[in-house]
Amino acid sequence: MAITVSSLHIHPIKSLGGFSVNEARITPRGFEHDRRWMLVDGDGVFITQRELPLMAMLHCSSGSNGFRVSDTRDDAYIDLPWEIEEGERRRAWIWRDEIEVVHAPVEVSAWFADRLGITCSLVHMPETTHRPINPTYAKGITALNDGYPYMILSQASLDDLNARINGSISRSADQPMQSGTLADRPIDQLADLGMDRFRPSIVIAGGEAYQEDGWKEIAIGEAKFSLVKPSLRCAITTTDQRTGERGKEPLRMLATYRRIGNDVKFGMNAVAVNGEVVRVGDPLHW
């Protein structure tokens, strides 16, 4: 079976909902427009769905000169440019990295603070800011991703994970109810987990589950990517990206067969070696 690109995803603001595209421009720090904005608290520390699952209710969509952020609860929205270079420059922190960012206008940050019920500011990573990748695994720079500019995941891997979860649920439903188990949850609420929980850059169709684990360097169309480190998954994956509700899956199931120390792996982090554009339908070779 041919292995191809199934979908491509852009997340303009870190930890908010993103959108899919038919083609994406490759840059050293990730796809163009991907994760160049983020929300920070009063101390300049980045905010994500880990601390605030409600962020899942804000979704981005592409426009001709920028993007729109919509609140799925009431369709309120705000339009933003892809980038800003003018504005107050301050220091911000993402994990252990201290970086220079440009603050959005006060009224823009106020919109997000009102929607999320917190004190926060929206900031942008300008072209002049270079955030290095962990040199233990790769050389290069990244945007406001957790650590690497690209994440690659096979649809077959998600299909296998969902099959395991659903099989576990079916078995537990036949057993007596026990407090704190999956059997406490209505079966009709346990639909397949969507790919949006995992926030990949590139989704692959065809091939076998977890095939990406063994890839070192791949060619997608005329572009090449180096897969440098497994993606270690966090609580964001347990958050329903349509409701903001948080459960136990998929971390509970992944811990049974995808554990690395105290973490679980799902997908592979990558850097671009060369190439200009990736398109849906491009063949993949390794």
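Biologist: Great. What kind of model is it?
Modeller: It is a predicted model.

Biologist: Okay, what volume does the largest pocket have?
Modeller: About 810 Å³. Its lining counts 35 residues, and Trp95, Asp146, Gly147, Tyr148 and Asn269 lie nearest the centre.

Biologist: How does the lining split by class?
Modeller: There are 13 nonpolar, 10 polar and 12 charged residues in the lining.

Biologist: And which strands each supply at least two residues of that lining?
Modeller: Those are S13 (131-132), S15 (150-154), S18 (223-232) and S20 (263-274). S18 gives the largest share, with 4 residues.

Biologist: Back to Trp95, where does that sit?
Modeller: Tryptophan 95 is in the turn of the hairpin formed by S10 and S11, with a positive phi of about 55°. The hairpin has 2 residues between its strands.

Biologist: How many bridges join S10 to S11?
Modeller: 6 bridges, with S10 (residues 89-94) and S11 (residues 97-103) running antiparallel. Arginine 89, for example, has valine 102 as its bridge partner.

Biologist: What about S11 and S12?
Modeller: They run antiparallel too, joined by 2 bridges. There, histidine 103 stands opposite valine 123.

Biologist: New topic: what is the strand order in the open sheet of 3 strands?
Modeller: The order is S4-S3-S21, with antiparallel pairing. S4 (30-31) and S21 (277-279) are at the edges with a single partner strand each, so one side of each has no neighbour in the sheet.

Biologist: Which residue does isoleucine 26 stand opposite?
Modeller: Phenylalanine 31 in S4. S3 (residues 23-27) and S4 pair over 2 bridges.

Notes
Residues are numbered from 1 along each chain as its sequence is written. This is a predicted model: local features need pLDDT of at least 70, side-chain atom pairs count only at pLDDT 80 or more; totals for chains, interfaces and linings use all residues. Side-chain values use heavy atoms; hydrogens and water are left out. On a 1 Å grid over the protein atoms alone, a cavity is a set of points where a 1.4 Å probe fits but cannot get out, and a pocket is an open set with protein on both sides within 12 Å along at least five of seven lines; lining residues have an atom within 4 Å of a point. Grid points are joined across faces, edges and corners, and a volume is the space filled by probe spheres set on the points. Ala, Val, Leu, Ile, Met, Phe, Trp, Tyr, Cys and Pro count as nonpolar, Asp, Glu, Lys and Arg as charged, and the others, Gly among them, as polar. Two strands pair if DSSP finds at least two bridges between them.
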